[in-house]
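Me: I have a structure open beside its sequence and would like to walk through its architecture with you. Shall we take it piece by piece?

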Amino acid sequence: MVSENDLAKLSYPQAPNMVTDSIPGPKGQKILEDSHKYESMARGGGGFPLVFDEGKGATIKDPDGNIYIDITAGVAVTSVGRCHPRVLEAMQSQMGRLMHASDISNTRRTELAAKVSSVMPQGLRNNCISYFTQGGSGAVETAIKFSRKITGRNQIVAFHGDYHGVWCGCGSLTTGDQYRAGYGPFIPGVIHVPYAYCYRCCFGLEYPGCDLQCAKYIDYVLNTPYTGADDVGMLIVEPQQGEGGYVVPPPEWLPMIKDACEKHGALLVADEVQAGAGRTGKMWSIEYSGVEPDMLTWGKGMGGDMPNAGLSVRKDLAEKIVESSQPNTFAGNAVAAATTITNIEILSEDNFALVNRAAELGEQIKGWLTEGAGEIRTIGDVRGRGLMVGIEMVSDKETKEPLDKDSIIKIIMGMLNRGLVMVPCGRFGNVFRFMPPLVLTTEHAQKGCEILLEAVKEIESGGA
Ligand SMILES: Cc1ncc(COP(=O)(O)O)c(C=O)c1O
């Protein structure tokens, strides 16, 4: 049982509390100007008008002293909240012992590998080996290489709207012009297929009458001689799509895809970098489907306040991976490992109480938003599981025309000015996402929903 009182102590109790007239305040403004002078704005969030100075649980303070409710968790990262006291303690005590070990065995990384294995989904649980990286992109890059080595095949199936990072390998799997235009050529042999995005079905069909044509199409792609796809070594999928718009596929979809992979000899890789670590109300979002992945990439919420990610591979498959063939200097850093171990402990204690609470709180959030959406013209869809809830904004509920960028920006500013940090996602950048730390209090969750609805209404009534 998770106590709301205990959770409240992790955050700034006074959030939201705005002390400047506008965002950014003067100190924040100066830092943003400097960042434009000295940093590449190719980074994510370069244009976002907020500067973080302190973080506590599910709240953030900027350098001008404004305190915000954090609905982003740093893009689904700080699952146990920022600067959790137990995480700090684990980090501090590890810092005095050992930090870097240059990919050579250290006590903490081995402990972490065992811990990760113990919380994997069925099929991998206590039956996998892990390869550590510093972020999700590295984990996906490694999945590409390992699948080639394991299967002797080099083609890959990935999904429209999926995001797997932007490096040359993983970026070849990611769709979206904003990440790709001008950065090619990408690696050959990648076949992109439609995701089960029922709100905007590309086949113009409606679930369940559609008979899951999108899943059947994948069976066809894995088997057709025209694309040479008999050579597909891996299919990578986000079991709940993240950057593509917080899309939840129908329950039959993943099992059908897994069957197709098994039939045609492709490995199924679950990319749980964003949806994993308890976010969707289960430790891994693929657990909703009962499908056992052959490999799983994890990151974000597992590392939390320290960069840490990895690829976990079923043991029998891993036998083909050659010793010392894929070194990575900073992998398995002992402080990052100690942090991830503590994060997993917090998430899994009391029979995954915090994760189970995420499932319940997510249902409440969807309920508040759906109720509020009744009187709002521009909320087209509210969907998601656990604390991975998407709100798709449209200019017309009938045509589903995505809400224009200007209105989205105004709504985001309206939320920021009221003390709520929110970043959008989706193919058209028109999906607001609730991806808070799992330690967000129910009170802050409700306040967050109120602020979002207020900011939307303000735009609809021609304000801001
Ligand atoms: C599903 C998924 N995979 C991979 C990545 C890449 O992770 P990173 O940015 O840590 O390299 C992301 C990042 O958002 C992601 O959402």
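Me: How many bridges join β11 to strand β12?
Reply: Keep in mind that this is a predicted model. Strand β12 covers residues 388-393, and β11 and β12 run antiparallel. Aspartate 381 stands opposite glutamate 392 in β12. The number of bridges joining β11 to β12 is 6.

Me: Which strands stand at the edges of that sheet, each with a single partner strand?
Reply: The sheet is open and has 4 strands, paired antiparallel in the order β11-β12-β15-β14. The strands at the ends have a single partner each, so one side of each is left without a neighbour in the sheet. They are β11 (379-385) and β14 (424-425).

Me: Which helix packs on this sheet, touching β11, β12 and β15?
Reply: Look at residues 334-373, whose helix touches β15 (431-434) along with β11 and β12. The direction of this helix makes about 175° with that of β11. The name you want is α13.

Me: Which element gives the most to the side of domain 1 that touches domain 2?
Reply: The contact takes 31 residues from domain 1 and 24 residues from domain 2. On the side of domain 1, α13, β11, β12 and β15 each supply at least two residues. That side divides into 16 nonpolar, 7 polar and 8 charged residues. The element that gives the most, with 6 residues, is α13.

Me: Now for the other sheet: which are the edge strands, pairing on one side only?
Reply: This open sheet has 7 strands with mixed pairing, in the order β4-β10-β9-β8-β7-β5-β6. From one strand to the next, the twist averages 20°. The strands that pair on one side only are β4 (128-133) and β6 (190-193).

Me: In β7, what is the bridge partner of isoleucine 156?
Reply: Strand β5 (residues 155-159) pairs with strand β7 (residues 232-237) in the parallel sense, over 3 bridges. In β7, the partner of isoleucine 156 is methionine 234.

Me: Which helix lies across β4 and β10?
Reply: Another helix, α9 (residues 213-221), packs on the sheet by touching β5 and β6, and its direction makes about 160° with that of β6. The helix across β4 and β10 (309-314) consists of residues 107-119 and runs at about 125° to β4. That helix is α5.

Me: Which helix gives the most to the shell around the ligand?
Reply: The ligand is surrounded by 16 residues, and the closest are Gly135, Gly136, Ser137, Val273 and Gln274. The shell divides into 5 nonpolar, 8 polar and 3 charged residues. The helix that gives the most spans residues 136-151 and supplies 3 residues; it is α6.

Me: Last one, on the whole protein: what is its radius of gyration?
Reply: The protein has 15 helices and 15 strands, and its C-alpha atoms fill a box of roughly 60 × 60 × 50 Å along the principal axes. Because there are 464 residues, a compact globule would have a radius of gyration near 23 Å, and the value for this protein agrees with that. The radius of gyration is 22 Å.

Key: Residues are numbered from 1 along each chain as its sequence is written. This is a predicted model: local features need pLDDT of at least 70, side-chain atom pairs count only at pLDDT 80 or more; totals for chains, interfaces and linings use all residues. Two strands pair if DSSP finds at least two bridges between them. Two residues are in contact if their C-beta atoms, placed from the backbone, lie within 7 Å. Axes are lines fitted to C-alpha atoms, for helices over the stretch in contact, and angles run from 0 to 180 degrees between N-to-C directions. A residue is near a molecule or strand if its C-beta atom, placed from the backbone, lies within 6 Å of it. Ala, Val, Leu, Ile, Met, Phe, Trp, Tyr, Cys and Pro count as nonpolar, Asp, Glu, Lys and Arg as charged, and the others, Gly among them, as polar. The radius of gyration is taken over C-alpha atoms; the globule rule is 2.2 Å times the number of residues to the power 0.38.
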